[in-house]
Amino acid sequence: MPLLTHNILTVDVEDWYHVCTPEGAVPVPPRGSWRVRPNLERILTLLDEQRQKATFFMLGSVAESDPALAPMICAAGHEIASHGYSHRLVSALTPQQFREELQLTERIIMAQTGQRPVGYRAPQWSLTEQTGWAFAILREQGYLYDSSLNPLPFVGNSGGSRTPYILEGEGDVLWEIPPLVTRSWIGNLPTGGGWGFRFFPFRTVCAAIEALNREDHPAVLYLHPREVDRDGPRLELPALKRFVSYGTRTDAAPRLSELFRRYRFITLKEMVYEWQHVS
Ligand SMILES: [Zn+2]
């Protein structure tokens, strides 16, 4: 039976300074410089205007620092999933530390919203084949899906699947849901998020979404709150890292609005439930 095709907006809920530098995480700046709440409110307003739903991968430490964020997202009918606690790369954690980050974030979100996350995304696409042990821990902790394997060169696995699939392994079903990319002669391009989403012509992004939809696959976009904050603060980073982390100064909001007008967006959890029902 063919599936109804919807698309997904995912938001990694973190602040402007949650960028992994070669030296690791940067110290938390003073509270007065935090920008995550106004940026999040802007994204929620855009979604609400077009009656669309999204999945928010919440960083546990951010939820803990501002306990109003997760309830605000939940009250608007969106899904809260987990982005870990500290934003340390999965490759820098031991399996036990990874498990503890999941559990801590889950406890915070449960206490604030009463909802348990069923999806996970690693900081900076850092769950790779080298950290494959993490999948068994996600299953053990009752997760239904992961959205960490990006089919891109450098930050992910350029030969990886561009469409959702069930990960091999013992135990319950665990879906892998990769973000949208566009195939090109120089390799896959990040049209689904980050600098690519704001940099490539808008028609290229739409063409990528529609190409997947024609094959009955969802397009999964990804966004950070800092990307709708044109004049927000930026870390001093090497030029390439700065571009990849912050892109150009372009505001992603107008593009998001237009996409919400053109396509229908649901949460990853809804989509996974739909697949489980059909299969
Ligand atoms: Zn992140």
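1. The buried residues of H1 are Val36, Asn39, Leu40, Ile43, Leu46 and Leu47. A residue is buried if 20 or more other C-beta atoms lie within 10 Å of its own, exposed if 12 or fewer, and partly exposed in between, with C-beta atoms placed from the backbone. An α-helix has 3.6 residues a turn, so residues three or four places apart point the same way.

2. This is a predicted model, in which local features need pLDDT of at least 70, side-chain atom pairs count only at pLDDT 80 or more, and totals for chains, interfaces and linings use all residues. Residues are numbered from 1 along each chain as its sequence is written. Helices (H or I, at least four residues) and strands (E, at least two) are DSSP runs, numbered from the N terminus.

3. Pro38, Thr45 and Glu49 are exposed on the other side of H1. The cover over the buried residues of H1 includes strand E1 (8-13) and helices H2 (60-65), H3 (69-75) and H9 (253-262).

4. Arg51, which follows H1, has a positive phi, near 55°. Gln124, also not a glycine, has a positive phi near 50°; Gln124 sits in the loop between strand E4 (119-120) and helix H5 (133-140). Gln124 counts as buried because it has 21 C-beta neighbours inside 10 Å.

5. Asp216 has a positive phi of about 65° and lies in the loop between helix H7 (202-214) and strand E8 (220-223). With 11 C-beta neighbours inside 10 Å, Asp216 counts as exposed.

Conventions: Two residues are in contact if their C-beta atoms, placed from the backbone, lie within 7 Å.
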